[in-house]
Each structure stands twice: as C-alpha cells, then as structure tokens.
Amino acid sequence: MTETPKDVERAGSQDPTLDTVRPTSEEVVGTRTGMFGVRGSGDTSGYGGLTRAVEMPGSSEAPFGGWFDEVASALQTVSRTAGLDAAYEKVVVHRGEITFFVRRQDLPTVARLLRDDEQLRFEFCSGVSGVHYPEETGRELHAVYHLLSMTHNRRIRLEVTCPDSDPHIPSIVATYPTNDWHERETFDFFGIVFDGHPGLTRIQMPDDWPGHPQRKDYPLGGIPVEYKGATIPPPDERRAYT
C-alpha cells in the first residue's frame with residue numbers, strides 16, 4: 001500500500017526532502033587504526049595495518065529545508081530575546097536529521113526554551129548519550145540529547161562538548177526529569193560530570209570501579225580464565241596475528 005504524505009507525518013517519519021541538505025564539509029577528529037581501533041597486541045583481526053580518518057559532518061548552511069528552517073528560525077528568535085546569540089556553535093543537517101551544537105554553559109537555558117516556546121514545544125527528552133573522541137583536542141567528550149516535540153511531531157538533537165581536562169556539563173534534569181538515570185549512565189561510562197544533578201552516582205558499574213568503560217582509550221579488559229591448567233589473558237593482552 002502506498003503511503004500518503006499524511007501517513008508519513010502520522011508515523012513520525014522525517015520529511016524525505018530534508019535528506020537533500022548536506023554538511024558543507026567534513027571535520028577530521030581522529031585516526032582509527034586496525035579493524036576495531038585497537039592498539040598494540042589487542043588487534044587479532046589481521047587488519048592491524050589498516051588506517052583511516054575519523055570524520056564528523058561539518059556545519060550546514062541555511063536554508064535547511066522543510067520544518068528544519070521553522071525550528072531553526074524559532075530557536076534563533078527566542079535565543080536572541082534571551083541574550084543567547086552566541087549559544088550555538090554550528091548546525092548540522094545530515095542523513096535527514098538536524099543537530100544543534102550548543103555551548104555547555106548555555107545548555108540549561110536552551111533546553112527550557114525548546115520545551116516552553118509555543119513554536120518549538122520539545123516536551124520530551126528521551127535521554128543523553130556520550131561519545132569520546134580522544135584526538136579532538138579540547139572537545140574530547142560529547143553529550144548528545146534526543147528531543148521530541150509531541151505537539152508538532154518533530155525530532156531534533158542537541159550536542160554539547162567538553163574537554164577531558166574539565167569534563168563538566170550542566171544537568172538538565174530540572175527541565176527534563178527523564179534524564180536523571182541517563183545522565184548517571186553517561187557519567188558512569190564516559191566520566192562526564194553533570195553539575196547540578198540531584199544524585200550523580202554510578203548506575204551500573206561498582207562505585208569503586210576504576211575508569212569509564214566506554215571511552216575509546218579504555219583497555220578492552222577481561223578477566224584471566226583458567227582452563228585445565230592453562231591461563232587465557234584478557235583480549236588486549238593477547239598476541240596479534242601477523
């Protein structure tokens with residue numbers, strides 16, 4: 001059965017025409033070696049000599065197409081009224097989705113504007129996840145927020161960065177209470193400290209666990225296993241195939 005545009009809208013799908021906008025450039029944020037980015041003897045894939053650049057989409061230029069322009073224009077208007085002209089580092093439209101990169105100090109105010117403004121009404125934040133780019137100096141840690149407007153049936157993303165040397169981002173639990181456990185999980189696995197969180201503790205790893213397991217520079221780990229007198233070392237300590 002052929003879907004009508006109204007059917008697509010009800011299903012919450014993005015406007016197909018929005019995928020025609022492409023970022024103006026690619027930004028190289030690191031280099032990946034081997035099949036899985038593993039260094040040293042941990043890469044047992046046989047592709048230890050493989051090298052490729054890690055790229056992120058660069059800024060997109062308006063017009064973005066479809067309702068993206070409505071959201072960007074409304075956000076710009078309310079941000080200017082709130083004195084946040086410099087709050088946005090860039091806007092990226094990629095694969096039919098739009099992401100606003102926000103300065104970390106402005107995140108709580110931007111979140112409230114997105115939730116409360118009648119033209120925006122992004123009432124629901126489905127969570128925050130972390131990303132680690134160890135070679136992106138000064139912006140090693142990223143927090144990515146997924147927002148849904150149930151009023152307008154639209155989805156956008158916010159992305160905030162912070163340096164590994166100062167891994168602090170303001171909490172937005174006061175605006176989006178659903179972020180409570182998601183901020184705890186991102187703190188647990190990536191080490192991002194969400195200032196103002198009502199109870200920022202680890203949520204899955206033990207309280208005394210060393211490090212943050214989903215960072216790219218975290219060792220593969222593992223527990224040596226004894227099997228009929230033989231000891232199998234953790235994956236990152238095994239010999240690589242040549």
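How many salt bridges does the count come to? I get 11 salt bridges. Before going further I note that this is a predicted model.

**Entry: salt bridges, one by one**

I began with arginine 115 and aspartate 116, whose side chains meet in a salt bridge at 2.6 Å, N to O. Arginine 115 has a relative accessible area of 25%, so I call it partly exposed. Aspartate 116 comes out at 38%, so it is partly exposed too.

Next I went to glutamate 136, which makes a salt bridge with arginine 139; their closest N and O atoms are 3.3 Å apart. Is glutamate 136 buried or exposed? It is buried, because its relative accessible area is 11% and the cut-off for buried is under 20%. Arginine 139 sits at 24% relative accessibility, so it counts as partly exposed.

Then I checked arginine 215 and aspartate 164, another pair of side chains in a salt bridge, 2.8 Å from N to O. This one links distant parts of the chain, with the partners 51 residues apart. I found arginine 215 in the loop between strand E9 (193-195) and strand E10 (225-227). Aspartate 164 is in the loop between E7 and strand E8 (168-170). Arginine 215 is buried at 14% relative accessible area, whereas aspartate 164 is partly exposed at 30%.

I also wrote down a network: Glu89, Glu136 and Arg139 are joined into one by salt bridges that share partners.

**Entry: the nonpolar core**

Which residues touch the most other members of the largest nonpolar core? My list reads Phe100, Leu114, Tyr145, Ile156, Leu158 and Ile169, out of 40 residues in that core. H2 gives the most, with seven residues.

I zoomed in on isoleucine 156. Leaving out residues up to four places away in sequence, I see it touching Trp67, Val71, Ile98, Phe100, Leu114, Phe122, Tyr145, His146 and Leu147. There is also a second, separate core of six residues, and among them are Val29, Val92, Phe101 and Tyr133.

Tryptophan 67 is buried at 13% relative accessible area. Phenylalanine 68 is buried as well, at 0%.

**Entry: a nonpolar patch on the surface**

I went looking on the outside and found Met35, Tyr47 and Leu50 forming a nonpolar patch on the surface. Together they have about 280 Å² of accessible area. I placed tyrosine 47 in the loop between strand E1 (26-33) and strand E2 (51-57). Its relative accessible area is 46%, so tyrosine 47 goes down as partly exposed.

A reminder to myself: most residues other than glycine have a negative phi, and most peptide bonds are trans. With that in mind I collected exceptions.

The peptide bond between alanine 62 and proline 63 is cis, with omega about 5°. I found proline 63 in the loop between E2 and H2.

Arginine 121 is not a glycine, yet I read a positive phi of about 50° for it. Where does arginine 121 lie? I found it in the loop between H3 and E5. At 28% relative accessibility, arginine 121 counts as partly exposed.

Asparagine 153 also has a positive phi without being a glycine, near 55°. I located asparagine 153 in the loop between E6 and E7. Its relative accessible area is 32%, so asparagine 153 is partly exposed.

Definitions and conventions
Residues are numbered from 1 along each chain as its sequence is written. This is a predicted model: local features need pLDDT of at least 70, side-chain atom pairs count only at pLDDT 80 or more; totals for chains, interfaces and linings use all residues. Side-chain values use heavy atoms; hydrogens and water are left out. A nonpolar core is a set of buried Ala, Val, Leu, Ile, Met, Phe, Trp, Tyr and Cys residues joined through side-chain atoms within 4.5 Å. Buried means under 20% relative accessible area, exposed over 50%, partly exposed in between (1.4 Å probe, protein chains only). Helices (H or I, at least four residues) and strands (E, at least two) are DSSP runs, numbered from the N terminus. Contact means heavy atoms within 4.5 Å. Patches are made of residues with over 30% relative accessible area and no salt bridge: like charges are joined within 9 Å, nonpolar side chains (Val, Leu, Ile, Met, Phe, Trp, Tyr) within 5 Å. Accessible areas come from the Shrake-Rupley method with a 1.4 Å probe; for residues, only the protein chains shown count as cover. A salt bridge is a side-chain nitrogen of Lys or Arg within 4 Å of a carboxyl oxygen of Asp or Glu.
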